[in-house]
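Please look over the sequence and the model shown below before reading on. The report that follows takes the sheet, then the helices packed on it, and then the nonpolar core.

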Amino acid sequence: MGFKKSSGKLSKAAVLKQIVKRCSSLARKQQQHYDDVPKGHFVVYVGDNRSRYVIPISFLSRPEFQMLLHQAEEEFGFDHDMGLTIPCQVEVFESLTSMLR
């Protein structure tokens with residue numbers, strides 16, 4: 001599922017708004033299954049073994065994390081019940097998130 005384009009490309013702000021909306025919706029779905037997810041956070045799964053991480057929603061505004069979300073959308077899409085899966089190695093994800101904190 002790609003981003004909708006009207007006439008031309010969407011602005012960076014519009015793309016970010018769509019990502020936040022999708023991830024917020026995903027977080028609400030996940031909250032039903034994961035009571036340990038604090039408000040303002042959401043769950044992602046990373047790597048071949050789908051390691052689970054609870055990360056702050058504030059990461060969504062960071063260009064580094066947006067790049068991962070775009071890769072996730074291209075590879076897996078956002079419309080599935082298994083949670084948001086990030087297509088990268090665990091070590092890369094942990095390194096990136098440690099720099100974002």
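How many bridges join β1 to β3, and do the two strands run parallel or antiparallel? In this predicted model, β1 is joined to β3 by 3 bridges, and the two strands run parallel.

## The sheet

The sheet is an open one, made of 3 strands in the order β2-β1-β3, and its pairing is mixed. Because β2 and β3 stand at the edges with a single partner strand each, one side of each is left without a neighbour in the sheet. On average, and with direction ignored, neighbouring strands of this sheet are turned by 40 degrees against each other.

The pairing of β1 (41-46) with β2 (51-56) is antiparallel and extends over 6 bridges. Within this pairing Tyr45 stands opposite Arg52, while Val46 stands opposite Ser51. Val46 also has a bridge partner in β3, namely Ile86.

Helix α2 lies across β1, β2 and β3, and runs at about 110 degrees to β3. Helix α3 likewise lies across β1, β2 and β3, and runs at about 15 degrees to β2.

In α3, which spans residues 90-100, the buried residues are Val90, Phe93, Leu96, Thr97 and Leu100. These residues lie on the same side of α3, because they cover an arc of only 130 degrees around the axis. The face turned away from this buried side carries the exposed residues Glu91 and Met99. The cover over the buried residues of α3 includes β1, β2, α2 and β3.

Glu64 belongs to helix α2, which comprises residues 63-75. Leaving aside neighbours within four places in sequence, Glu64 is in contact with Leu96 and Leu100, both of which are among the buried residues of α3. Although Glu64 and Leu96 are 32 residues apart in sequence, their C-alpha atoms are 7.7 Å apart in space. Glu64 itself is described as partly exposed because its relative accessible area is 31%, whereas a residue counts as buried under 20% and as exposed over 50%.

In soluble globular proteins, nonpolar side chains tend to be buried together. The largest nonpolar core of this model has 20 residues, of which Val44, Val46, Ile55, Phe65, Ile86 and Phe93 touch the most other members. The elements that give two or more residues to this core are α1 (12-33), β1, β2, α2, β3 and α3.

Ile55 gives a view of how these parts come together. Leaving aside neighbours within four places in sequence, Ile55 is in contact with Gly40, His41, Phe42, Val44, Phe65, Phe93 and Arg101. Among these contacts, Val44, Phe65 and Phe93 are themselves listed with Ile55 as core residues that touch the most other members. Phe93 is also one of the buried residues of α3.

Notes
Residues are numbered from 1 along each chain as its sequence is written. This is a predicted model: local features need pLDDT of at least 70, side-chain atom pairs count only at pLDDT 80 or more; totals for chains, interfaces and linings use all residues. Side-chain values use heavy atoms; hydrogens and water are left out. Helices (H or I, at least four residues) and strands (E, at least two) are DSSP runs, numbered from the N terminus. Buried means under 20% relative accessible area, exposed over 50%, partly exposed in between (1.4 Å probe, protein chains only). Contact means heavy atoms within 4.5 Å. The arc is that of the directions from the helix axis to the C-beta atoms. Two strands pair if DSSP finds at least two bridges between them. A nonpolar core is a set of buried Ala, Val, Leu, Ile, Met, Phe, Trp, Tyr and Cys residues joined through side-chain atoms within 4.5 Å. Axes are lines fitted to C-alpha atoms, for helices over the stretch in contact, and angles run from 0 to 180 degrees between N-to-C directions.
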